[in-house]
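Please look over the following model with its ligand, its aromatic residues and its loops in mind. A short report follows the display.

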Amino acid sequence: MNSSIEKHGPASGRDLYDCIVIGAGPAGLSASLFLARYLRRTLTFHHNSPRNEYAHGVHGFLGHHGIRPNELLARGRDEVTSHGGLIVEACVTAVEALSAEHFRVFIGDDKRVFDARRLLLATGLRDLTPNCPGFREFYGASVFHCPDCDGYEIRDKHVAVLAHGNNAVGFTENLLTWTRHITLLTDQHEISNRAKLDALDVAVRNEPVVALEGDTSTGQLQRVMFAEGEALECDALFFNLGTELATDFHETLGCRLDPECGLLWVDETQQTSIKGVYAAGDITPHSQLAVVAAAEGAMAAIHIHRSLNDVSKQL
Ligand SMILES: Cc1cc2nc3c(=O)[nH]c(=O)nc-3n(C[C@H](O)[C@H](O)[C@H](O)COP(=O)(O)OP(=O)(O)OC[C@H]3O[C@@H](n4cnc5c(N)ncnc54)[C@H](O)[C@@H]3O)c2cc1C
C-alpha cells in the first residue's frame with residue numbers, strides 16, 4: 001500500500017474523498033488527472049494489468065502513436081501524482097452505495113474501506129482469447145483483436161481471422177479495408193450470413209485450430225495448425241471471440257446495461273443510471289480505443305467536478 005494513503009486516507013470510512021476512481025488505465029488516469037487539476041481529493045485504485053498489456057505499441061493515440069502501453073500509463077500516473085492525486089495499487093473487492101452522495105469502496109482481503117461522494121468505474125474489459133498453444137507468444141505482435149488499432153499494420157498481408165457467431169462476417173468484412181488475402185477460421189463453430197463471405201470472395205476453413213507457430217523471438221506468426229488438413233501460412237491473425245466486464249461492481253450498484261452491447265449505459269455526462277456513479281472507457285458502449293477511453297475519463301471528471309459544485313452551492 002502506498003504510504004501516502006496512510007497519511008491522507010481514512011481507514012474507517014469517516015473521511016470523504018470527492019471521488020474514488022477504480023481503474024488506472026487511460027480512462028481512469030485521464031479522469032484522475034483532471035480531477036486533481038480541479039483540486040478535488042481523488043483516490044485512484046488499480047490492480048492487475050490493463051487490457052492492452054500484451055500490445056507492443058498503442059496505435060492511433062495522437063501525439064503518442066506507437067508508445068508502449070506501460071510507458072503511456074507510467075507517464076499518466078506521474079502526471080496525476082505530480083498534481084496531488086493519489087494512486088494506490090490495491091484490488092477493490094467490493095463497492096457499496098450508502099446514499100447518492102456517499103459511496104464506499106472495500107479493498108484487499110483485510111476489507112479496508114474508503115469513502116467518497118462520487119464513484120468512477122473505469123475497470124475495463126477482459127478479452128476472451130483463443131485457447132491454443134502459441135497464442136501468448138504472438139499476441140500483440142502479429143495476433144490482434146482490434147482492427148481499428150492494428151488493421152493498418154496488415155495492409156496487403158495474408159491474414160487469418162478466428163471468429164464465429166453473429167459478428168464473424170462483419171468483423172471479417174471490416175478487415176477487407178486493408179487486405180483481400182483473408183481466410184476465416186470458424187474452428188468448427190457456426191457463423192451467421194455465411195453466403196456473404198462467398199460474395200466477398202473470402203476463404204473459409206472449418207477444422208479445429210490446434211496451434212499457432214512462427215518466430216517466437218520476434219513474435220512473428222507464420223502459420224496456423226489445424227487438427228487435420230494443411231497448415232495455413234499467414235502473416236497475422238485477428239480474433240473476435242467476445243469480451244467480458246472486468247468486475248461486477250455495476251451489478252452491486254444496480255447500474256443499467258446497454259441492451260444492445262451489454263456494457264454500462266451512461267448519459268452524456270458519463271453518469272450511469274445510478275446517481276453519483278460514473279463510468280468511462282471500455283466498459284461503456286463506445287469504440288474501445290485508448291484515446292476514446294482517455295477522452296471519456298476527461299468528460300467524466302468535468303461532470304463529476306460540476307456535480308460536486310452544484311451540491312456545494314445547495315449547502
Ligand atoms: C492487445 C491489445 C492491443 C490494443 N491496442 C490498442 C491500440 O493500438 N490503440 C488503441 O487506441 N487501443 C488499443 N487497445 C485498446 C485499449 O487498450 C483500451 O481501449 C484501453 O486500455 C481502455 O482503457 P480503460 O481505461 O477503459 O481500461 P483498461 O486499460 O483495461 O484499464 C482498466 C483498469 O482497471 C483496473 N482494475 C480492474 N479491476 C480492478 C479492481 N477490482 N480493483 C482495482 N483496479 C481494477 C486495472 O488495474 C486497470 O488499471 C488494445 C487492446 C488490447 C487488448
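## Ligand contacts

A nitrogen atom of the ligand is placed 2.9 Å from a polar backbone atom of V92, which falls under the heading of a polar contact (a pair of N or O atoms within 3.5 Å; within protein, one must be able to donate a hydrogen and the other to accept it, and residues adjacent in sequence count only if both atoms are side-chain atoms). Taken alone, the ligand exposes 1000 Å², and the protein buries 97% of that, with accessible areas coming from the Shrake-Rupley method with a 1.4 Å probe and, for residues, only the protein chains shown counting as cover. The model is predicted, so that local features need pLDDT of at least 70 and side-chain atom pairs count only at pLDDT 80 or more, while totals for chains, interfaces and linings use all residues. Residues are numbered from 1 along each chain as its sequence is written, and side-chain values use heavy atoms, with hydrogens and water left out.

## The shell around the ligand

The ligand is surrounded by 35 residues, of which H47, H59, V92, D282 and A290 are the closest; a residue is near a molecule if one of its heavy atoms lies within 4 Å of it. At least two residues of this shell come from each of α2 (26–37), β2 (42–46) and α9 (290–314), where helices (H or I, at least four residues) and strands (E, at least two) are DSSP runs numbered from the N terminus.

## Aromatic rings

The structure holds 5 aromatic pairs, counted for rings of Phe, Tyr and Trp (its six-membered ring) whose centres lie within 6.5 Å, with planes under 30 degrees apart called stacked, over 60 edge-to-face and the rest tilted. F45 and F114 form a tilted pair, 5.6 Å from centre to centre and with 55° between the planes. This pair links distant parts of the chain, since F45 belongs to strand β2 and F114 to strand β6 (residues 112–121), 69 residues apart. F45 is buried (under 20% relative accessible area, whereas exposed means over 50% and partly exposed in between, with a 1.4 Å probe and protein chains only), at 1%, and F114 is buried at 0%.

## Positive phi in two loops

L39, in the loop between α2 and β2, has a positive phi of about 65° although it is not a glycine, and L39 is exposed, with a relative accessible area of 75%. Q270 likewise is not a glycine and has a positive phi of about 70°, but Q270 is buried, with a relative accessible area of 7%.
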